[in-house]
Amino acid sequence: MNADTTKVERVIGFDSHPDTFTAAILRGSTPRAAIVEKTFDKLSMDRLSSWAKKHTTENDLFVLEASGNSFHVVRVLAKVNRKALVLESGHLGKLKEGHANNDKISAVRIGKAYLSGTARTVWVPDLKTQERRDLLHIHRKAVKRTTQMRNRLQSYLSDNGVRLKKGTRLTKPETAAKIRMAHDWLPRQWQLIEGMMMELQHAEQQRAHWRSLIAQEVLADPLLLSFVRLCGVRDMIAFALGAVIGDIKRFAGPKKLVKYLGLNPAFDDSGKEQWTGGIGKRGRRDLRCMLIEAAQAILRCSKTPLARWGKKLLARKGEINLVVGAIARKLAVAAWYLMMGRWTTLEEIDKLLSQKIGKIITQAGAASLKSLGKTRKAFRQEICQRLASGRTYVLDKTRKFVPKRPTQQTPALA
């Protein structure tokens, strides 16, 4: 059972929708003993704060299913001193009955699912982390849109027998001239091509805009900038680490973070049968894919200790996917220690790190340097000094080691 159920007077199952909400007030410590005191059906979301003040107390606990506006509801309730938890929708969806369901039934089901103690809670990000997650999400959407428009244009050209050389930039003006001369286009066909090229240019501009904001955020935040020290990590992955992980203290150890990202291997050991699998199909897919891409880039390099370790593991195991997953796991573990502050001071800026800083400044763009009133050289020196005087781990001298007492084991039966 959840530990919080003994500290609250009532549990309020909350079924949230964009415009309305339904609440069921339950009193009791178990699903069997819980009594539904009252239900409120399809109230306007604008009345949430006033309704919570009138019908609930500070000792009540709201529980709601993860949805589009669940984080917003939690923040609104926090302003009126009401506690709220967000539960995973995957588990609650399995409890839903297909033949009978409405908002009242859903609200009661959500409350009893929490009282059962098996429902998992979702961490509600702070406003800064939420802002970064929104920026990361819209950048990924822009990248997807750019890829779609590029593939659509190339497919249309291929259908008409026009094949461009590999690596041709479709947004350059000279590319349009080459396409015009490569085929006898009808007037409507060329208008279609011009429209697709306009959409591609707009998507590229959006992607570059969001990428510039991400680079500026990394250069301005000391924690995000410290991620650049890791091999294979530049502004995009550094920003994704800060946006997805958020508060590192919610992970007790590096293994918890590895599990959250889905980089731990799957296994099933039941009876006489044993099965072990790979990674994937669980955890944060967005950040895991980025770490996998970084691991592949590291494996292609031979100048870093991590790359040499990966190649030795590849020679021993013979499976490249296993090695890439192992390197990605090491990056996740290193990120946990770095965010916890358990990292040594950077002694010098080597050539690879200097090149990485230069590329990040290029992504930020000349407009950001102009707004800061700094030259590229001066800004580069400032970033290097910030990295050199970065965060270090300070030992807590007041903390003492307390050994655990050995548990008494009952003797085996004769």
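**Exercise 1.** Find how much space lies in the largest pocket, and what lines this pocket.

*Solution.* Start with the space: the largest pocket holds about 1200 Å³. This is a predicted model, where local features need pLDDT of at least 70, side-chain atom pairs count only at pLDDT 80 or more, and totals for chains, interfaces and linings use all residues. Residues are numbered from 1 along each chain as its sequence is written, and side-chain values use heavy atoms, with hydrogens and water left out.

What's a pocket here? On a 1 Å grid over the protein atoms alone, it's an open set of points where a 1.4 Å probe fits, with protein on both sides within 12 Å along at least five of seven lines; lining residues have an atom within 4 Å of a point. Grid points are joined across faces, edges and corners, and the volume is the space filled by probe spheres set on them.

Next, the lining: 39 residues, with Leu230, Cys231, Gly232, Val233 and Lys356 nearest the centre. Helices giving two or more residues include H5 (127-159) and H11 (285-300); H11 gives the most, seven. Helices are DSSP runs (H or I, at least four residues), strands too (E, at least two), numbered from the N terminus.

**Exercise 2.** Now describe the second largest pocket.

*Solution.* Its space is about 870 Å³. Of its 25 lining residues, Glu88, Arg120, Thr121, Lys259 and Tyr260 are closest to the centre. Among the elements giving two or more residues are strand E6 (121-122) and helix H10 (254-261), and H10 gives the most, three.
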